[in-house]
Structures are given as structure tokens and as C-alpha cells.
4 protein chains.
Amino acid sequence: MRFFSDNAAPAHPKVIEAIAASNRLDTAYDGDELSARLDGAFSALFEIEVRAFWVTTGTAANCLALAALCPPYRGIICHKDAHIEVDEAGAPGFFTGGAKLILLEGAGAKLTPDAVAAACDRIRADVHQVQPAAISITNATEYGLVYRASEVNVLGDLAKERGLAFHMDGARLANALATTGESPADVTWRAGVDALSFGFVKNGGLNAEVLILFRTELADEIAVRRKRAGHLLSKGRMLAAQILALLEDDLWLENARAANAAAQALAKAAPDRLVYPVEANELFLNVTADEAVRLRGQGVEFYEWGPGEIRLVTSWDSDARAVEQLAAAIAAL
Amino acid sequence: MRFFSDNAAPAHPKVIEAIAASNRLDTAYDGDELSARLDGAFSALFEIEVRAFWVTTGTAANCLALAALCPPYRGIICHKDAHIEVDEAGAPGFFTGGAKLILLEGAGAKLTPDAVAAACDRIRADVHQVQPAAISITNATEYGLVYRASEVNVLGDLAKERGLAFHMDGARLANALATTGESPADVTWRAGVDALSFGFVKNGGLNAEVLILFRTELADEIAVRRKRAGHLLSKGRMLAAQILALLEDDLWLENARAANAAAQALAKAAPDRLVYPVEANELFLNVTADEAVRLRGQGVEFYEWGPGEIRLVTSWDSDARAVEQLAAAIAAL
Amino acid sequence: MRFFSDNAAPAHPKVIEAIAASNRLDTAYDGDELSARLDGAFSALFEIEVRAFWVTTGTAANCLALAALCPPYRGIICHKDAHIEVDEAGAPGFFTGGAKLILLEGAGAKLTPDAVAAACDRIRADVHQVQPAAISITNATEYGLVYRASEVNVLGDLAKERGLAFHMDGARLANALATTGESPADVTWRAGVDALSFGFVKNGGLNAEVLILFRTELADEIAVRRKRAGHLLSKGRMLAAQILALLEDDLWLENARAANAAAQALAKAAPDRLVYPVEANELFLNVTADEAVRLRGQGVEFYEWGPGEIRLVTSWDSDARAVEQLAAAIAAL
Amino acid sequence: MRFFSDNAAPAHPKVIEAIAASNRLDTAYDGDELSARLDGAFSALFEIEVRAFWVTTGTAANCLALAALCPPYRGIICHKDAHIEVDEAGAPGFFTGGAKLILLEGAGAKLTPDAVAAACDRIRADVHQVQPAAISITNATEYGLVYRASEVNVLGDLAKERGLAFHMDGARLANALATTGESPADVTWRAGVDALSFGFVKNGGLNAEVLILFRTELADEIAVRRKRAGHLLSKGRMLAAQILALLEDDLWLENARAANAAAQALAKAAPDRLVYPVEANELFLNVTADEAVRLRGQGVEFYEWGPGEIRLVTSWDSDARAVEQLAAAIAAL
């Protein structure tokens with residue numbers, strides 16, 4: 001029973017089929033017929049003209065976007081527990097050429113408008129202090145909380161007011177949307193988001209993520225930066241194929257709903273142990289060291305998230321019986 | 001009849017099968033069972049302990065290696081037509097943090113020891129001029145020529161003598177080895193090579209390349225740099241699977257032989273038009289603009305490589321009939 | 001009555017004389033006779049063989065050192081109020097190629113061994129999290145506190161134990177040493193410091209700072225990095241001249257003592273207002289907005305350091321009468 | 001008799017006087033009264049509103065400008081013997097974050113419009129090849145040749161047509177203008193130049209160079225980049241003082257004329273030995289190894305510029321008698 005990470009789940013069978021079906025001679029890089037369909041497919045999904053770039057990792061999607069939104073000599077406001085700060089090996093520093101992450105506190109890894117405004121106000125407007133150029137939020141957050149469109153919108157207005165670009169790390173955006181039922185458009189560009197890292201790997205994909213540009217004028221720069229970072233695959237059609245397969249019949253949304261449902265099933269088993277409300281596919285539970293040992297003893301695999309806290313992540317293929325078993329095991333602790 | 005590039009060919013069916021077979025829950029990143037087998041598999045192939053890192057592009061393999069071999073403030077000696085200089089969008093500058101490519105002339109994109117020694121001698125040993133830290137060669141070269149082990153060895157000795165690290169871009173190393181019959185060990189570490197970009201994508205792979213470190217002490221740094229560049233895929237097992245499939249029963253060598261044989265068939269059709277001897281799977285032909293038009297008229301697709309010159313590239317799956325047809329068409333020009 | 005910053009003070013007359021005296025034809029860059037004397041002069045001062053590099057700013061001294069001590073993909077542990085974090089426009093990110101500053105809390109901008117050890121322990125030893133490579137402390141700190149040799153030594157031992165390099169920003173090291181009477185050697189290399197930014201500009205110099213390397217094997221790299229950053233002046237002799245003038249007869253120490261004495265005189269006038277003990281030449285005072293207005297009304301210039309707090313900085317040339325006047329004004333608030 | 005480099009000459013006495021006179025308490029960095037006068041002084045000289053930034057080296061002036069004119073992922077077209085390529089330790093790569101220098105041939109280190117146009121045409125307009133973003137020329141060139149305003153203008157038009165920014169390294173612009181008698185405006189912004197490194201150090205200054213922005217909208221970025229590179233001196237007034245002293249009564253032009261006159265006196269002594277026409281203050285002479293030894297024997301110091309070639313550089317203070325002696329010595333070879 002593996003509840004380590006949705007990262008580790010297999011790809012959806014349709015994704016594998018799509019890769020196999022795409023395995024024919026075609027133009028290299030992104031000149032093929034499948035890659036050519038991405039802009040259109042995502043423009044339809046987001047109800048506006050966007051530019052869509054496949055990449056193979058969320059780190060690449062995030063950091064290519066940040067490099068285009070923030071010059072080397074400025075900073076990006078984000079949560080102190082944001083993935084870009086904590087788990088990307090300093091990739092933002094590499095891709096931007098040394099821009100600074102300006103770290104904020106905030107419950108559940110969420111940025112609040114007050115915290116952002118205060119951070120901006122603390123910075124003297126001179127050449128000695130690094131001036132912010134962008135905000136980056138993660139939706140769903142690293143602790144599985146969801147920003148509603150209205151919340152994003154307030155941050156988007158603030159960004160505009162302060163002259164900041166706005167990036168969303170949507171590694172688990174699908175889970176967020178599956179929870180809120182809001183439209184992709186409402187929670188992104190209509191709320192002021194300029195660029196979105198749209199995650200597919202944790203949600204049934206094999207190794208395809210998408211960088212969506214709502215500011216389409218950045219597309220040429222992103223295309224060059226992607227190549228320059230070694231992220232322009234010569235058989236990119238196999239990435240496009242995965243993405244198109246997941247978009248078809250809203251498979252991406254179906255997958256996210258399945259993962260979320262598994263998380264809710266687990267949440268119900270231990271309402272008093274939840275560190276955060278469960279709004280996506282991650283659970284953080286208060287569990288003593290002793291209890292953790294007992295869970296492991298029953299074959300459950302998970303991260304210890306700190307003293308007395310564990311993380312469980314469900315995924316699109318979470319086995320119903322395993323979920324049930326785990327729920328029972330938690331309830332019985 | 002597409003002879004644009006081996007980049008564009010499909011993957012070998014066994015590679016697709018291997019990806020499908022690897023599609024199960026396992027530890028993320030490179031903690032899975034397949035990735036764990038790479039070091040051993042390549043150590044066997046190279047007859048010495050190596051460290052092997054999957055990446056998705058040759059640019060990533062090349063530039064991660066160069067970043068580990070050359071500090072930002074020094075330079076890398078390479079041919080002026082080397083892929084790292086001409087076709088990687090400045091990626092070496094990005095990965096190294098601004099190191100300089102020191103460009104040399106040389107017939108057929110080969111570096112000669114004399115040219116390398118002369119380049120070193122021209123550089124004043126002071127802080128004003130960028131001092132070289134590494135040599136990088138491509139085997140087979142960008143013009144389809146092959147370095148024999150003895151040639152590499154002379155460059156390797158020179159590198160050692162001058163205190164330079166030695167990198168080989170082996171995007172088409174398989175084709176080179178298929179031609180010479182030399183051992184992987186002889187043409188690399190036994191000849192002084194420190195790090196090798198070993199290409200699989202042009203040779204039946206889908207999107208897996210391998211960075212081989214003969215200086216295994218660089219492995220920790222490469223592991224971090226790979227992650228930091230966004231090149232640590234969460235389901236890396238699908239890359240390992242491709243590579244292991246191509247290593248099995250020397251499929252990689254078989255593929256390269258097929259591509260080389262197709263190139264030889266074409267070469268025989270036009271011995272007087274060859275700009276370079278055909279030693280791998282690329283042909284450069286003297287063809288007038290008029291003749292080029294006629295070839296295209298018969299459905300042949302290829303690059304114009306300059307005035308009066310075209311490039312043809314064969315691949316592991318080059319269709320025998322298409323090759324025959326093209327050979328006839330060239331002969332008939 | 002300017003108590004803004006020691007930055008703004010004039011240079012000592014002997015420094016100007018030395019510049020004028022050095023104004024003759026000599027070998028360019030650092031090949032001149034004066035520059036050649038620096039290594040020896042500082043080796044004598046520090047009682048060990050060191051390498052000494054003139055630069056024109058503390059930012060350059062700090063960041064050249066950090067770039068040599070920390071690779072782009074690792075991090076530097078420092079206080080969250082350290083000058084390198086707060087007031088150098090992100091220069092560490094620029095010079096290192098994107099290394100991360102790992103920010104710690106600590107009273108009076110001092111790093112404690114416990115805080116450093118805890119920070120190291122919090123970082124998972126994997127490729128996803130940025131691993132620390134160095135510690136940097138400021139002595140005297142940004143709040144005018146002094147690290148004694150014994151305190152530095154504990155941090156130095158910890159650095160060694162954790163495999164970290166150790167940098168000291170000594171923009172006001174002279175003031176620290178003037179207070180403690182400890183030897184330059186004891187508070188630096190004997191306590192484990194690898195590289196020191198030794199400040200002269202705030203202490204009677206015009207535009208000369210010195211980067212001292214106790215790890216002399218880094219000298220070649222620093223020499224190249226200095227040039228590459230545009231910091232190798234062609235008439236470097238004028239920098240060497242300043243430094244040698246300040247070293248002569250311990251003028252640097254005399255200057256620091258004068259600045260410290262002025263600070264003590266002010267401190268005595270307002271013992272209850274001090275935010276920190278006054279150990280060097282900076283005072284942070286609790287002063288209401290109203291009181292601040294009254295001080296300004298009497299012609300005193302200073303920084304507001306936050307709500308209800310002001311900063312006063314004395315310098316080598318602080319006028320005795322101005323100090324007395326200000327002391328009286330503060331006492332009378 | 002030192003004819004090594006104008007770099008090594010002393011500063012003009014008025015420059016030293018001005019430094020001494022500026023040595024008083026004032027606002028730090030560039031907030032002082034002297035620094036504040038630079039924009040106005042250079043706007044008057046160039047007959048248009050400019051922004052003027054003091055820095056301490058030509059490398060800093062050049063590379064700050066290039067970093068603002070060229071993003072990390074593009075390239076700068078320059079001569080293969082340009083100072084930025086040959087003698088700045090790779091500083092352009094450091095300041096730009098890895099942009100590429102695209103190197104052209106050209107007699108006397110001059111770029112011709114044809115060479116620039118051909119270089120642009122050779123580059124495929126795709127993401128694989130580095131696209132140019134700027135042109136940089138040196139005036140007077142590294143071989144002492146002068147671009148007339150009309151020549152610069154043709155390059156300026158070409159730059160505009162190709163969408164390239166235009167930088168001039170004017171380390172010896174004073175010498176060029178002293179020769180042609182053209183106006184500073186005509187040879188720079190009126191001819192399409194966007195940013196100019198205006199040299200004072202080789203022409204009577206001590207350590208002050210000026211970066212002139214004709215595209216004033218870049219000023220904020222340059223101000224931050226200057227700080228971030230450690231080039232914002234806290235007592236910048238001493239740099240401003242030097243520059244203002246050299247501007248007064250056209251002392252800069254007078255100095256350049258003196259250096260040029262000395263060069264002409266030497267040129268007359270050896271008209272048949274000149275490798276290039278002497279248009280500024282540098283001479284390149286065909287001199288056998290044997291003859292070089294004899295010159296050195298008479299106490300003349302100079303660079304050997306290659307086999308059978310030496311470089312002599314005169315400066316503002318070149319001693320008339322030494323020049324005469326050297327002229328005689330050369331004539332007598």
C-alpha cells in the first residue's frame with residue numbers, strides 16, 4: 001500500500017497507448033502534427049488564446065516561466081514551503097540567473113494578500129535591496145489546500161497594482177479544479193495569472209507537463225529558453241500524445257476526481273487527526289511515532305513529514321481496497 | 001522518403017514495449033529498480049566501473065557534463081561546427097554559467113592534436129584571457145566522420161598533458177562503433193575520455209540519452225545538476241527501460257549497423273558527389289540547386305547544407321526500398 | 001551632524017597623500033610595486049601566509065569569496081539580516097551563479113551554533129533540497145555586536161564538522177578588534193575562517209577593501225574571478241597605496257578606536273534607549289517618531305530603522321563637539 | 001621608456017587634485033553633489049539627454065551595457081580581436097548570464113557592414129541557433145584604427161534594420177575624436193549607438209570610466225546591475241570628481257591630442273614598418289626579433305604582438321624626449 005507520492009503512480013493505459021500510436025516518423029522537435037495541436041487544445045480549455053509548451057518536469061515548467069517573468073536582478077515572492085523553494089534544488093536560481101526567492105509565511109502554504117503587500121512594503125525602493133518582479137503560488141498548495149478563483153483574483157489584482165507578474169504552479173491544479181468545480185479560465189487568467197505550470201505527470205501522465213502562457217508574447221522567449229535548457233525533445237510528439245490523451249473526454253479531470261475521492265475516504269477515517277482540511281489528494285495526519293510504526297507494520301508506505309506528522313498522497317489509480325484497508329487501519333490506531 | 005534526420009525516426013518497437021512494461025508503481029525519480037540497473041549495465045559494456053545517468057536530450061547530457069568539467073570562468077575547446085556550438089541554443093553558456101567555447105577549424109569537424117595544441121599556445125597564461133579547462137569532440141562528427149580509438153587517444157594524451165578534461169559527444173557513437181568494430185572502452189576511457197554523452201534517441205530510443213561518467217567522483221555533482229536543470233523525471237524508470245531494451249542483445253549496435261548500411265548503399269550510388277567519406281549514417285553530397293529540386297520532386301526530403309550541398313541521414317529503420325529508390329535517383333541525376 | 005553611515009565619511013588625509021604619492025608610471029593592474037607588498041603586509045598582520053586582493057567594494061569582496069567557496073548548486077548559511085542578504089542587490093546570486101542564501105534568525109544578527117546545526121539538520125540529504133556549502137558571518141554584525149574569537153571558533157569547529165567553508169564579512173572588523181583587543185589571527189583563521197572581507201572604506205579608506213584568503217590555494221581562482229567581474233583596476237596601485245597607508249603604524253586600528261569611542265560617548269547618554277549593547281560604532285536607539293522629529297530639528301541626520309527605532313553610526317572622524325552635542329540632545333529628549 | 005600601455009600612465013595632476021578636493025563628508029554611493037552633475041555634463045557634451053554612470057573599469061562599463069542590451073540566450077556580434085572577447089576574462093559571459101559572442105573577421109579589428117550582414121544571414125532563424133541581439137564595436141579599435149561617424153552610421157542603420165542594439169567600446173574614444181575632430185554626438189547616438197563605454201582611465205583618469213546610455217530608459221536597470229556587480233562605490237564622489245576634472249576645459253581632448261601627437265611622431269620615424277595606419281595612440285610595427293632585442297637594449301619597453309610584430313602605446317604624458325629618442329632608435333634599426 002504505497003501512499004508516498006502521486007509521482008510514483010503508473011501512467012494511465014490510454015497514455016501508454018497514445019505514446020505507442022505516436023511512434024511513427026514525423027518532423028522532429030515540436031514540428032510534428034500532435035505538438036501542433038496543443039495550442040488549440042489548451043486555448044479551447046482555457047477559453048482564450050494561449051501558447052502551450054510541453055516539458056518533461058514540473059521544475060522545468062516552473063523555472064522556464066519564472067525566468068521569463070523575472071530578470072536575474074529581481075525577486076519572486078512565494079511561500080517558504082513552496083516547491084520551487086524547497087524541492088527543486090535551487091532550479092529557480094539556475095534558470096533565472098540568480099533571482100531571489102522572497103519567502104513568506106502563510107497557513108497551509110497559502111499566500112495571503114496581506115502577507116504579499118507587507119513583504120512589498122518592507123522592501124526599500126532603492127538599488128541595494130532586491131525588488132520583487134513576480135508572485136508565484138501553488139494550487140493546490142504543498143499541503144493540499146485549494147485557492148478558489150476569488151482568492152487568486154485578489155492576489156492577481158494585487159500583483160497588477162504592484163507591477164508584479166503572476167505565476168501559478170499547478171502541479172496539482174487538476175485536483176484543485178476537481179474539488180471546486182471552477183473553470184480553468186476562472187482560476188487562472190481571469191484571475192490575473194500570466195503563466196501556469198499545468199501538471200499531468202502526477203495525474204496519469206508519464207512524463208509530460210505543460211507550460212501555459214496567457215501572455216502569449218512570451219512564447220518566443222520560452223521556446224528558446226526551453227531549447228537552451230536541454231528541454232526540447234527531438235521526438236516531442238510522444239509528449240504531445242500523452243497530453244492529448246489526457247485531455248480527451250476530460251480524462252485528466254476524471255483522474256483527479258478519483259484521487260480526490262480516495263483522499264476523502266481516508267480523511268473520513270481520521271477527522272481528528274487532520275493537520276489541514278483535505279481539499280485535494282494529500283493528507284497530513286497527526287500520528288505518533290508509535291502509531292507510524294504500526295501503520296508501516298501493516299504495509300503502508302508514506303512520508304514522515306516532521307515529528308508526529310505523516311503525509312499520505314492518493315493518486316488516480318489508488319486501489320479502492322487499499323484505501324479501505326488504510327482507512328480502517330487509521331481509524332483503528 | 002525522409003532523410004532529414006535520424007532524430008525524427010520512430011523508436012524501435014522493443015523500446016515501446018519496454019516503456020509499457022515499466023508502467024507500474026515504483027519508487028519515483030531514479031530510485032526504481034530499472035534505473036538502479038544502469039550503472040551495472042554500462043560498467044559491463046565499458047569494462048570498468050562507470051556511473052550512468054539517463055537524461056532526455058543530448059543537449060542535457062552534453063551540457064551537464066561540460067558544467068562539471070569546466071568552471072564558469074574557463075573555456076571548452078571544440079570544433080567551430082560542433083553541435084554544442086552550433087545547434088544547442090547556447091546551452092553550454094547556460095549550464096556552465098558563462099564558460100567560453102574556444103572554436104577551432106578542422107576538416108570534417110574533427111579536432112586535430114596540432115590544432116588543439118596551437119590553440120592552447122595562443123592563449124596567454126594570465127587573468128585577462130580565458131584559460132581552457134576541457135576539450136569536447138563529437139564522435140561520429142557532425143559530418144559523419146569517425147574518430148578511431150588511436151586518434152582519440154592522442155587527443156586524450158594531449159588533454160592530460162595540458163591539464164584539460166575530455167568530453168565526448170557520442171550522439172552517434174553507436175554508428176561510429178558499428179563502423180570501426182572497436183570496443184566502447186577503447187574509444188572512450190582507455191583513450192582518456194572523462195565523460196561521454198551516449199546517444200540512444202537517434203538510434204531507436206524514444207527520448208532517453210545517457211551521460212556516462214568515467215570519473216565517477218563527479219556523480220554526486222551531476223545528480224544535483226540534473227535535478228537543478230529540471231532533468232530529473234519523476235518516472236525515470238521509463239527512460240531506464242528504453243535504454244535497457246536497447247542494450248539487450250546489442251540492439252543498439254544492430255540498429256546502428258542498419259543505419260550505416262543504408263548510408264553505404266547511398267554512398268555507392270554517388271561516389272563522386274561525396275563531400276566527406278561516409279563513415280557513419282550521414283551523407284553530404286554536392287548537388288546543384290537544380291538537381292536538388294529534381295530530388296525533391298521525387299519525394300525525397302533532406303536538408304540543404306549550404307550552396308550546392310545537401311545532407312542525407314539514414315536511420316535504424318531506413319526502408320530498404322526507399323534507400324534503393326533514392327540511390328537510383330541520385331545515380332540518375 | 002551626520003550620523004547616517006561611516007560609508008559617507010571622508011578618507012583619512014594620509015590615504016589621500018598616499019594616492020597622490022602613488023601616481024606615477026608603474027606596471028598596470030596588480031603588477032606594481034605597491035600591490036606586490038600586500039601579501040606580505042597582511043601575512044605579517046595575520047601571522048600566517050595569506051593572499052590579499054584589493055577590490056573597491058565590500059560587496060565585491062564578499063561575493064568573490066562566496067563564489068569561490070560555494071558552487072552554484074549549493075547554499076550559504078547566513079543571518080536573515082546579513083548585508084549579503086539585505087543590502088547587496090542579490091550580488092551573491094550573481095557572483096555564485098545562483099547559489100542560495102539559507103537564512104537564519106539570531107539576536108543582534110548573530111549566528112549561533114545551535115541555529116546553524118539545526119538548519120543543517122532540517123535539510124534532507126538528497127538532490128531535491130539545496131545542500132549548504134558555507135557559512136558567512138558579519139563581524140561586527142549589522143547591529144554592531146561583536147563576535148569574540150571564542151565564539152567564532154565554535155562556529156569554525158561546526159563548519160569543519162559539517163564540511164562547510166567559513167566566510168567572514170569584516171566590513172567593520174577593525175571596530176570589532178578595537179573593542180575586544182583580540183588579534184586578527186585569533187578571530188579569523190585560528191577560529192576556522194577560510195576567507196575574510198576586510199573593510200577599509202568605512203574606516204578611513206577611500207575606495208579600497210581587501211579580500212584575505214587563508215586558504216591560499218583559492219588565490220588563482222579569485223584572481224580570475226576578480227578580473228571577470230570587472231574588478232581588476234588598471235591602476236590598482238592607488239588601491240594598494242590606501243591600504244598600506246592605513247596599515248602603517250596601525251592607523252586602521254586608531255581610526256576604529258576613535259569611531260568606537262564616539263559611539264560609547266553617545267551610548268552613555270541614553271543607556272535605557274539602547275536596542276543592543278554598543279560594541280562597535282553603531283547605535284540602535286528606541287526613539288519615538290516625535291523624538292526623531294525633534295532630533296532632526298536640531299540638525300542630526302540618521303536612518304529610521306523601523307517604527308520607533310533609529311540608527312546612528314559614528315566614524316573615524318566623528319567630530320568631538322558634534323558627538324557631545326548629540327549626546328546632550330539625546331539625553332534631553 | 002615605457003610604451004607598454006596607456007593603462008599604466010599616471011593620472012593627470014588635476015585629477016589627483018580633484019580627488020583630494022572631493023574628500024569631504026557627503027551622501028554615500030552616487031547621492032553626492034558631484035555624481036549628481038554627471039548626467040548634465042554628459043548631456044551637454046553629447047547634445048542630448050543621456051544618463052551617465054561612473055564605474056571603475058572598462059570591463060565593467062562594457063559588460064553592464066551588454067547585459068542590458070542582450071538577454072542571456074542571445075548573442076553579441078563583435079570582432080574576433082575585440083577587447084570584450086580577448087581581454088576581459090569572459091566577463092561578457094558572466095554579466096549577461098551566458099550570452100554568446102559571435103566573432104567576425106575584419107581588417108584592423110574593424111567590423112564592416114558586409115561582414116555583419118553576412119553573419120546575420122548565416123544564422124538560421126530557429127531555436128537551435130543563437131540569435132544575435134546586439135553589435136559591439138571598439139573605437140578606436142584594438143589596432144588603433146578609427147571609425148568615422150559615417151562608418152558608424154552605416155553600422156547603426158544595419159543594426160536598426162536587423163533589430164540589433166548597438167554598443168560602442170570607447171576605451172580610446174577620446175583619441176579617435178582627437179584625430180577626426182568629429183563631435184561626440186555624431187559618432188555615437190546620431191549614428192545609432194545605444195550605449196557607450198567612455199574611457200577616462202587611459203587618458204588621464206585614475207580609475208573612473210563612464211557608461212553613457214543614449215537609451216535612457218535602461219538607466220534603472222543599469223543602476224541595479226551596477227550595484228549587483230559590486231560596482232557601486234560608497235564614495236563615488238571621488239570617481240565623479242575625476243571625470244568632471246577631465247571634462248573641464250576639454251582636458252580629456254587635450255590629453256588625447258598629446259598622446260596622438262606622440263604616436264604620429266613615432267609613426268613618422270618608421271613609415272615602412274607600420275602594420276596599420278596610425279590613427280590614434282597605438283602603433284604596430286614590423287620588427288624582427290633581433291631588432292626587438294636591440295630596442296629593449298636601449299631601455300624601450302613594449303609588447304611583442306606576435307612573431308615579428310611589436311605594439312607601442314603612447315599616452316597623455318608621453319615624454320617628448322623619450323618619444324624623440326625612441327623615434328631615432330626605430331629609424332636607426
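Trainee: How many residue pairs are in polar contact between chain A and chain B?

Mentor: A polar contact is a pair of N or O atoms within 3.5 Å; within protein, one must be able to donate a hydrogen and the other to accept it, and residues adjacent in sequence count only if both atoms are side-chain atoms. Between chain A and chain B the count is 33 residue pairs, both at pLDDT 80 or more. This is a predicted model: local features need pLDDT of at least 70, side-chain atom pairs count only at pLDDT 80 or more, and totals for chains, interfaces and linings use all residues. Residues are numbered from 1 along each chain as its sequence is written, chains are lettered from A in the order in which they are written, and side-chain values use heavy atoms, with hydrogens and water left out.

Trainee: Which elements of chain A give two or more residues to the side that touches chain B?

Mentor: Helices (H or I, at least four residues) are DSSP runs, numbered from the N terminus. Here the elements are α1 (13-21), α3 (58-69), α5 (91-96), α9 (219-228) and α10 (237-247) of chain A. Of these, α5(A) gives the most, with four residues.

Trainee: How many salt bridges are there across the interface of chain A and chain B?

Mentor: A salt bridge needs a side-chain nitrogen of Lys or Arg within 4 Å of a carboxyl oxygen of Asp or Glu. The rule finds zero between chain A and chain B. Chain A and chain D also have a count of zero.

Trainee: What area do chain A and chain B bury between them?

Mentor: Buried area is the accessible area (1.4 Å probe) that two parts lose on being put together, summed over both. Chain A and chain B bury about 3800 Å², 58% of it on carbon and sulfur atoms. F94(A), R228(A) and K235(A) supply 20% of the area on the chain A side. For chain A and chain D the value is about 1400 Å², with 65% on carbon and sulfur atoms. There, Y73(A), V127(A) and R228(A) lose the most area in chain A, together 45% of what that side buries.

Trainee: Is C78(D) buried or exposed?

Mentor: Buried means under 20% relative accessible area, exposed over 50%, partly exposed in between (1.4 Å probe, protein chains only). C78(D) is buried, at 0%.
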